Amino acid sequence: MNKLPEKLTQLRKYNGLSQQAAAEKAEVSVLDYMAWENGGAIPDLDHLILLADAFHISLDEMIRNEVPVLPEKDVHETLDIPFMKKTEEEYPTSEISMKEPIQPQPDLGQTRVIPAVKDLEKTKPLRAVKEPELQVHSAAGAGANRPQPQAMKSKKNNQTKLIGAAAGLGLVVLLLILVFNSLGGGKKEEVTNIMTAENRIAAGSEFTLVLNTDGTVKGQGSNDEGQINVGSWANITSIKAGAQHSVGLKKNGTVVAAGSSRQKQTEVAEWSGITAIAAGDHHTLGLKKDGTVVCTGDNSNKQCEVSEWKDVAKIAAGANISVGITQEGKVLIAGSQADVSTLSDVLNVVISGDTLLILTKNGSLDCIEGKTGVCPAKTPSKITMAAASAEHLLMLSSDGTVSAEGDKEYGRLEVGEWKDVIAVAAGKNHSVGLLKNGSLVAAGDNSRGQSEMSGVSEEEKQLEAVKNIKITQDGDQIKISWDKVTDADYYEVSATLKKEYSAKVDGTSVSLNGNLFEDGKQVTFSIVANSRENNVKPSEPATQIFNYFAPTATPSVTLASVANVKISQDANNVRISWDAVENADYYEVSVTNQSGYHEKVSGTSVTLPNSSFEDGKQVTITIVAGSNSTLYENSVESVTNYNYIAPTPVPTPELTPVPTPELTPEPTPSETTEPSTTPAGEGEGGDSQPESEGNHGNE
């Protein structure tokens, strides 16, 4: 763990230096020096040498990664630091005087309009009290044996040069240790946190914190303990304030802190996997992704005894009290004897003194009264958020108005004219509200500038928050829908599922598959409306909680086995067929032929070529019916053996040639004989006489 920030803070205060004075001695800007004390940066060797000289210790003692235990120093004691090397020089006793006394601040009790969050970096507190600088005066007669300042400086410079080479090696080792510790000695749990309106403002004893939409943080008011040294914070999604310390939750689940560390309430650098934070007066809570809770700081009231809490969904903290709210809406408590065993359906718990204000899911605000704190005179309804100090209570209604009860001193209850409020915070003696347009309003004590800022400038238009988010589940499908936002071009939807989910959606709905969710886990969806116009700011995130439960599985039914397997064979192919099985979508067919056939088919037959079989060999045919529905399991195998016999070839018959008949030529007309006539009365074989021409006409 990097102990240099705490070491610098202790040495600076021990030597009576302001941060500005220490920065001047280190020859850097005050912002650079503040980054060293906040742990946001590490000084190089040259600046470490200057710091060692400013704090009157050796460079070796400066680079050692340990925090010295310094005794309480009386103003009449010497400024010698116990752990520095002894020298012959003796430092004179000193007196500490305030250059500028703190002046009382008038003008309390009026509601003030605070500029938009984006303009906070330009603002300065009105009548803010300057941090007193300490001036050391030499005591009479104390400088007799003291060397002249120039001689002391020369001697220290010579000592510095002598140890410079050795210190360089030590610094390298220190930087390696710091880098390793900054990585947590290993892989840290990763989460992605979402910014919500209720986590964008926080109020401490005499200071106010505001979280900008870009993840940066601005502080206003008292800075006695460095509690508003938050200018270097980035990627913050939630802020909380204790009495004199500030805590910020980063998007990646790590935590940063500033301010008083007297009771170790700011020792959060090693935390990871954090999804929510809370701050009491002098202790800090962190909710881990697995539903457990960690705590650091004051434990005098046993408020940090939270290690056995499990299944926690939300946390809260008061002065000396810690509260956890489980997934089921039950309440866990540490640091208080209040009986919370019967509470259920709790949305949040707000702590006023030792009084518990129970905000339920139906919008009512119940009270478990303690010895100190404020209970509302009547049980209010339609409350979306509440905030409290030990002396007053703020209640935000669903219509954006705020009501207040408790001590009227300082004008901290003058909130009746506030409208369009989306979040509230209560400091010790002041009240703060965040408006829908991104600006702030405040009422109450302003003696340290905690309730007023100047430099109002023209504000950008901001889209309205998404409304009417609905999440429905149909089997294993989850649909998220919402109402359209005027002038919005698209929406950013995000949630922490099994993996981080984030999508830009042009429409007003998105559907997700149940395999992205963890069964029985609560999920928070965040939707931000966006415009592509440069002068239009995104809306405040709108969130909706959803509990995912996997659909109940119906007991599966085994499909019937394939029946009536038939095998036929022709000269070229083998055909395998079977009867259809009810509710089957496909069949897996395996044949132990030469090619090792195995296919998934949708029909009830397959045809294989004869060439894939071996003559005279038995093959086994296995068929399994299957379904695409989870309601059915595959059937038992249907096995059929088949002996393949190659078909016998049919011989081709020999054809006997048919003789070609000889054709007799027909006689020509000249060779044709005249037909003869046989005379009547003549027998066969008689000679025939040719008829003479003279016989004509004798008849």
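Strands β35 and β36 form a hairpin in which three residues lie between them. In this predicted model, β35 comprises residues 566-569 and β36 residues 573-577, and the two strands run antiparallel, joined by four bridges. Within this pairing, K566 has S577 of β36 as its bridge partner. Strands of a sheet pair through backbone hydrogen bonds, in either a parallel or an antiparallel arrangement.

The protein chain as a whole contains six helices and 42 strands. Of its 699 residues, 42% count as buried. Among the contacts in the chain with a separation of 6 or more, 53% are accounted for by residues 24 or more positions apart.

An open sheet of three strands, with antiparallel pairing, has the order β16-β17-β18. Here the edges are formed by β16 (346-352) and β18 (365-368), each pairing on one side only, and the twist from one strand to the next averages 25°. Strand β17, which spans residues 355-360, pairs with β18 in the antiparallel sense over four bridges; L359 has L365 in β18 as its bridge partner.

Turning to the helices, two packed helices are described by the angle between their axes and the distance between those axes. Helix α1 (residues 4-14) packs with helix α3 (residues 30-38) at an angle of about 115°, and the axes are 6 Å apart. On the α1 side the contact involves P5, L8, T9 and R12, which meet Y33, W36, E37 and N38 of α3. By residue class, the contact of α1 with α3 divides into four nonpolar, two polar and two charged residues.

Helix α4 (residues 45-54) has as its buried residues H47, L48, L51, A52 and A54. These residues lie on the same side of α4, because they cover an arc of only 160° around the axis. The helix is followed by H56, whose phi is positive, near 60°.

Two residues in strands illustrate contacts between separate parts of the sequence. A425 has its place in strand β22, which comprises residues 421-426. With a relative accessibility of 5%, A425 counts as buried, the cut-off for this class being under 20% relative accessible area. When neighbours within four places in sequence are left aside, A425 is in contact with I201, A202, A203, A387 and L394, as well as with H430, S431 and V432. The C-alpha atom of A425 is separated by 8.8 Å from that of T208, although the two residues are 217 residues apart along the chain.

Q462 is located in strand β25 (residues 461-462). Q462 is likewise buried, its relative accessible area being 13%. Residues up to four places away in sequence not being counted, Q462 touches K436, N437 and G438 together with K537, P538, S539 and E540. Of these residues, P538 also places its backbone oxygen 3.0 Å from a polar atom of the Q462 side chain. Q462 is thus a buried residue whose side chain has a polar atom 3.0 Å from the backbone oxygen of P538.

Conventions: Residues numbered from 1 in each chain as written. Predicted model: local features only at pLDDT ≥ 70, side-chain atom pairs only at ≥ 80, totals over all residues. Heavy atoms only, no water. Pairing = 2+ DSSP bridges. Axes fitted to C-alpha atoms, helices over the stretch in contact; angles between N-to-C directions. Contact = heavy atoms within 4.5 Å. Nonpolar A, V, L, I, M, F, W, Y, C, P; charged D, E, K, R; others polar. Buried < 20%, exposed > 50% of the residue type's maximum accessible area, 1.4 Å probe, protein only. Arc of directions from axis to C-beta. Polar contact = N/O pair within 3.5 Å; in protein donor to acceptor, adjacent residues only side chain to side chain.
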